[in-house]
Structure formats: structure tokens, C-alpha cells
Amino acid sequence: MVFELHATPAQLITEDGVRVEDGDLSPHVLDIDDTRLRALYEDLVVVRRIDAEATALQRQGELGLWAPLLGQEAAQVGSARALAPEDFVFASYREHGVAYCRDVDPTHMLRFWRGSTHSGWNPLEYRMTTPAIIVGCQALHATGYAMGTALDGESAATITYFGDGATSQGDISEAFGFAASFQAPVVFFCQNNQWAISEPVSLQTKVSIAERGRGFGIPSIRVDGNDVLAVLAATRAALANAREGNGPSLIEAVTYRMGPHTTSDDPTRYRNSALDEEWKRKDPLDRVRKLLEREGLVDDEFLARIQEQADITAAALRQGCLETVEPEPMSLFDHVYSQPHPLIEDEREQYATYLAGFEGSTR
């Protein structure tokens, strides 16, 4: 796979909702007809609604923390809809849209952020890992997993997600080095949302992130991360490259984090509101809707049906969150080791004694 690396990220839908051609990308989305385009729009709307509801739940004290994805829906939906069922996803902590597209129950996404579990879902069932908080670590995990699938003769591809800030971590460089040297069938997907918490991407690198990938010998491309079709096309091409045994690829999806880094962050302290307004005009949902309107594919019934689906999903998310059965304190020891272990048994006994004394003192 050879992509031309241009200064301007590749597009298939402009900010005004005009579908354009790209020699590298267009051939990979020839099957996206009216029905599939409408389905992508529905994904974008539902994912944004999930994120808004989760943010509200955190503000109401039902979640300890949440990492909003507002503005990054196209990067996540476009890449996730390119995946085959057998492909494996190694996520960071913001890929709620990817999880939705992998059929993870939205309620399960919240368990980790509520502090009710260490994970939230079975990674083997959905072929997707649960949130990784250590920045960049998942890229090494993905590379090792991909190398293992290659040694086993499997045809599935692996994809890993990370942000622009993670590219300053040594784990990312190590993953690039191993993947390039051993031709690991892994796709590195960087959501360049312009901010590593309060630090702009200009402080992370003086060249594009895609160019840094090429420095390791990895075929790389920059796409408009707010363009769901461009992201879908680039990811399909990169995954096909991996399945064919041609090694790793890097996709830099240029997008923007419209909200805070997490709900504990205040972006107004470090970000000019004029920049937010500039990126609002590039909103990933607006541009697909404009394209659908140009093509005569939008009517009141279609919009009402999508809104209803988004509301149903959000209501189920809220209900599931509020009805979560919190774990008992003693369950802390249940899954530390797969087999009985004397250290754990000793600590379990000590903790049980402590809890019994604590409960007695509060009566």
C-alpha cells in the first residue's frame, strides 16, 4: 500500500457536504450507497447521544469520571465500521464510539467509569479491549498480539487507537519499531484531536504525526478525521494491507476534541473559544447531514426515527447505570489469580477481620 502524503488531510466529504474524489481513498468506498450512508449518519447521531448522556451522568455524580468524544465521532465510527468481526481492537480510554460499533452494550461502557468493575466487558467476546488508562501502552499490546496472529497464520488484522499526545510516549515509538521490523499486521490509528490535555499538538511534534510514522518505515496517511467516508476508506485500505501480510500502517485522523479531556478538565483555561468556533464549522455530523440533504435523502420521518433510536439508547444507558449492582467489598480478591494463592487467602482473611471490626464500631 502506497499513500501520497499531502499537507492537507485527505477528504471525501467537504465541510459543506459535497462529496469529492480522491485517487487513493475513493475506490475503497464504492459500496457506500444511499442506504449505507444513512446508516453511518445514524451511527454518528447515536454515538454523540451516548456521549452526552454519559457526560450528564458524571455531572450528576453517577460516574467518577468520563472521557468525552464530542467532535471525534466520525474518526471512531468510520474506522470501526471498516473492521471485520475477527479483527481485534486495542483501545485507549475514549473509544466509546468504536465500542458501540463492536456491539458492546453501552451500559457496560460505564461500569469502569463508575468504579464498579476493573473492565466492563469480555474483550474476547467483542474482540475489543476495555479502556487503557496508561497512555500509549495499548500500542505495544496490539503489536505483540498482531505478531502472534502472524506467527499463528491467522488472517485477521489488529488495530490500536491513541491520541496525538500519546505519540510522545516511548511505548508508541517502541511499537512502531517492532511493528516495522517484524511486519506486524497492525493498524496504528491516531486520533489527532489537537490537544494532549492542555498541550497543543504543535508542542508534540514539528512535523505531522503521519510523517513520524514514515520515519519508522511505516506507510502512513493523513485523513480528515471529521469525514466519516475518508476515515472508512483509509481504514479499509490499511486493514487490507495488514491482512495481506504487508505489515503495519499508520492513519493520522485529523480531528478536534470539542469538549474537555475528561470531565475533570476545564478547556477554557488553555483554549481560545475562537478555535472551538472554527472547528464547529467542521462538525462531523453536520457535514454528513448536508450531504444527505444534497442527495435528497433526508426527510422528517428519517430524522425522527434516528432521534428515537438515540433517545432509546440513552434511556437504556441511564437505566442500566442507575441499576448497577455494586460489588461487595470482599469480591476484591476474587479474580486476582486464576488459582488459589496463599498470599491472597491471607489478605482476604485480614480484610474480612477489618471489615467486621469496622462494621462493629459503626453500630
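Reader: What should I know before I start?

Author: The model is predicted: local features need pLDDT of at least 70, side-chain atom pairs count only at pLDDT 80 or more, and totals for chains, interfaces and linings use all residues. Residues are numbered from 1 along each chain as its sequence is written, and side-chain values use heavy atoms, without hydrogens and water.

Reader: In what order do the strands of the open sheet run?

Author: Strands of a sheet pair through backbone hydrogen bonds, either parallel or antiparallel. Two strands pair if DSSP finds at least two bridges between them. Strands are DSSP runs (E, at least two residues), and helices are too (H or I, at least four), numbered from the N terminus. Here the order is β1-β2-β3-β7-β6, with parallel pairing. β1 (88–90) and β6 (220–224) stand at the edges, each with a single partner strand, so one side of each has no neighbour in the sheet.

Reader: Over how many bridges do β3 and β7 pair?

Author: Six, between residues 186–192 and residues 249–254. Phe188 has Leu250 of β7 as its bridge partner.

Reader: How do I read the packing of α1 and α12?

Author: Two packed helices are described by the angle between their axes and the distance between the axes. Axes are lines fitted to C-alpha atoms, for helices over the stretch in contact (heavy atoms within 4.5 Å). Angles run from 0 to 180 degrees between N-to-C directions. The axes of α1 (34–59) and α12 (300–322) come within 9 Å and cross at roughly 35°.

Reader: How many disulfides are there?

Author: A disulfide is a pair of cysteine sulfur atoms within 2.5 Å. The whole structure has zero. For Cys190, the nearest cysteine sulfur, that of Cys137, is 15 Å away.
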